[in-house]
Amino acid sequence: MLDPTRAPHLPTSFPRYAAPPLIESRKPRCPPYNVVSSVDQLMPYLDVVARRPYNQGLHACWDLKPGERIQLRVDNWHDPMVIEAAKRILEKYGCKYDILHVDKGPVRQWSGADEVEYYLYRTKELAQWMDQWDVMSKEGKYDKLLWGYGGPVLVDTHMKIQRMPFITPEILASPAHLMPYELLQAIDLWTWKRILTAKRVRITDPEGTDVEYTNHDGYYDRKREFLNPDLVHDTWTGNEGFGKTYLPGHVLGKPWVYLAGKEDGNGVIAGTTNHIAPVDWTQLVIEGSKIVEINAGGEFGEKLRKLKSETDHLSYPGFPGKGLFYWWEASIGTNPHIHRPRKDFPSGWINCLYERVRSGVIHIGFGTIISSMNERRAAKAGLPVGHWHLHLYFPTVRLEREGDNEPIIEDGRLLALDDPEIRKLADKHGGADLWLQESWIPAMPGLNVQGDYWEHYAKDPMKWVNAELTVCREFHHLFMPMVGGDPRFCHDTYGVWGGGPGAHAIAEGRAPTANHAHTPGGSCGCGH
Ligand SMILES: [Fe+2]
């Protein structure tokens with residue numbers, strides 16, 4: 001798959017294909033672009049979220065109860081329509097709430113290279129939030145906080161903490177937030193149970209990743225039900241319940257603890273997106289789970305190399321060796337309907353963080369383990385802390401297991417979605433066609449769109465993504481035919497986007513009926 005380098009300024013290897021390898025199997029998909037003009041259109045989604053059972057994961061599960069004392073934290077980077085909808089739902093469910101409005105200053109426009117400083121800063125901010133939560137938990141003024149949309153959660157014995165991932169109406173008014181929780185949970189568990197029993201894990205991706213690691217017994221308890229209690233205690237002191245297992249919506253494709261002396265992640269990781277935005281193609285060479293080389297990557301690569309050279313000699317608590325640049329994360333998203341927001345991308349909170357939870361997307365993370373006690377210890381010792389990412393959109397994950405080897409993700413398709421039991425469960429709620437098809441598959445020239453991967457995409461991915469999102473937003477009916485996509489997915493067959501009739505039906509506990517619908521004035525280019 002990887003060709004040797006032909007010029008000295010280029011990385012050790014990068015993908016070259018005679019023809020786009022996924023052009024038939026993973027055609028681009030982009031959901032309908034329905035403009036939301038009233039708060040009413042947002043209510044069915046929040047109704048479903050309000051009733052999902054509470055957990056600490058990344059699925060929005062507010063579990064609102066009458067009389068519950070809630071603080072919702074928002075800032076001026078949230079769309080006011082979404083804040084108003086959240087307020088109405090808190091009222092509808094009889095909560096005693098207050099809304100904390102924070103001024104974050106002007107909305108930032110992002111480039112992918114900003115991720116380096118962003119996470120150096122953000123990690124400190126999260127550490128402050130955690131200290132603040134400690135105090136709030138002791139004060140006992142609230143039963144539940146709805147804050148932020150990634151990162152940590154504290155011990156929740158006295159005060160629960162859930163997410164506020166809804167930044168704009170476009171993000172909220174999606175079937176991702178209508179998904180029945182029992183289905184999301186079944187998909188999470190299908191994935192996690194297989195990883196728990198894997199001896200070795202190999203991850204490949206057509207953007208140039210080929211990496212593997214041994215899933216040592218030492219990472220787990222005796223029965224391999226949870227992570228090793230000693231490692232969990234050391235890494236996640238005080239928050240062991242959270243650290244010992246996967247996070248709903250964010251399944252651990254690599255355990256989020258380091259096993260000193262045994263870390264054997266080896267290979268190459270490459271990609272064109274981090275949590276902030278697309279970046280120039282970046283390659284990481286991994287030996288013993290340590291990043292030993294960072295190649296290409298434009299400004300992102302430059303900044304990472306600088307930070308690496310500044311931290312390679314430092315000792316971090318709980319790390320397997322010297323340096324900050326250890327690979328700890330290969331987390332797997334599980335919700336098929338999450339999509340990249342098109343409006344105002346990438347600015348403010350509208351960045352690539354949200355899309356990491358689409359089913360089958362993997363985010364690779366390296367650095368300190370987010371919100372772990374070891375990260376807080378390192379921060380208190382004055383060490384630079386943070387972690388950085390590359391996303392894989394078309395990964396294949398093969399597990400070597402006792403007796404049978406099996407892939408759990410194939411070219412970005414999480415195979416839980418094809419499992420007969422899970423499909424049966426989906427049928428209970430309206431069918432696999434409604435719930436188990438991804439709404440969004442990014443269009444990447446040279447991979448699943450005509451073109452040369454390097455020339456037309458990877459050497460400057462932001463240039464392509466800007467063009468892609470502009471066409472998708474402004475000329476939606478042209479987009480699918482232009483990229484050779486599958487127009488079926490912009491039909492809104494079930495009326496579940498932008499507050500359509502299907503969304504209201506689901507919120508009322510009924511299954512929506514299939515109907516070939518188009519937004520007024522729009523068309524998907526299907527000729528209907
Ligand atoms: Fe993560």
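**Metal site, helix pair, loop**

User: Which protein donors does the iron ion have?
Analyst: His250 (NE2), Glu329 (OE) and His363 (NE2). They lie 2.1 to 2.2 Å from the iron ion. Keep in mind that this is a predicted model.

User: How are the donor residues spaced in sequence?
Analyst: The pattern is H-x78-E-x33-H. Glu329 sits in strand S13 (residues 327–332) and His363 in strand S14 (residues 362–367). That pair is 34 residues apart and links distant parts of the chain.

User: Are Glu329 and His363 buried or exposed?
Analyst: Both are buried.

User: Switching to helices. At what angle do H1 and H2 pack?
Analyst: About 50 degrees, with the axes 10 Å apart. H1 covers residues 43–51 and H2 residues 80–92. That angle makes H1 oblique to H2. Their crossing is right-handed.

User: Which residues make the contact?
Analyst: From H1, Met43, Leu46, Asp47 and Ala50. From H2, Ala85, Ala86, Arg88, Ile89 and Lys92. By type, the contact has six nonpolar residues, three charged and no polar.

User: Now Asn215. Where is it found?
Analyst: In the loop between strand S8 (209–214) and helix H6 (229–235).

User: Why does Asn215 count as buried?
Analyst: Because its relative accessibility is 1%, and the cut-off for buried is under 20%.

User: What is Asn215 in contact with, leaving aside neighbours within four places in sequence?
Analyst: Its contacts include Ile195, Leu196, Tyr220, Arg224 and Pro255. Pro255 is 40 residues from Asn215 along the chain, with 8.2 Å between their C-alpha atoms.

Definitions and conventions:
Residues numbered from 1 in each chain as written. Predicted model: local features only at pLDDT ≥ 70, side-chain atom pairs only at ≥ 80, totals over all residues. Heavy atoms only, no water. Donors = N, O, S within 2.8 Å, 3.2 Å for Na, K, Ca; no water. Helix = DSSP H or I, 4+ residues; strand = E, 2+ residues; numbered from the N terminus. Buried < 20%, exposed > 50% of the residue type's maximum accessible area, 1.4 Å probe, protein only. Axes fitted to C-alpha atoms, helices over the stretch in contact; angles between N-to-C directions. Parallel < 35°, antiparallel > 145°, perpendicular 65-115°, else oblique. Left-handed = near helix turned anticlockwise from the far one by under 90°. Contact = heavy atoms within 4.5 Å. Nonpolar A, V, L, I, M, F, W, Y, C, P; charged D, E, K, R; others polar.
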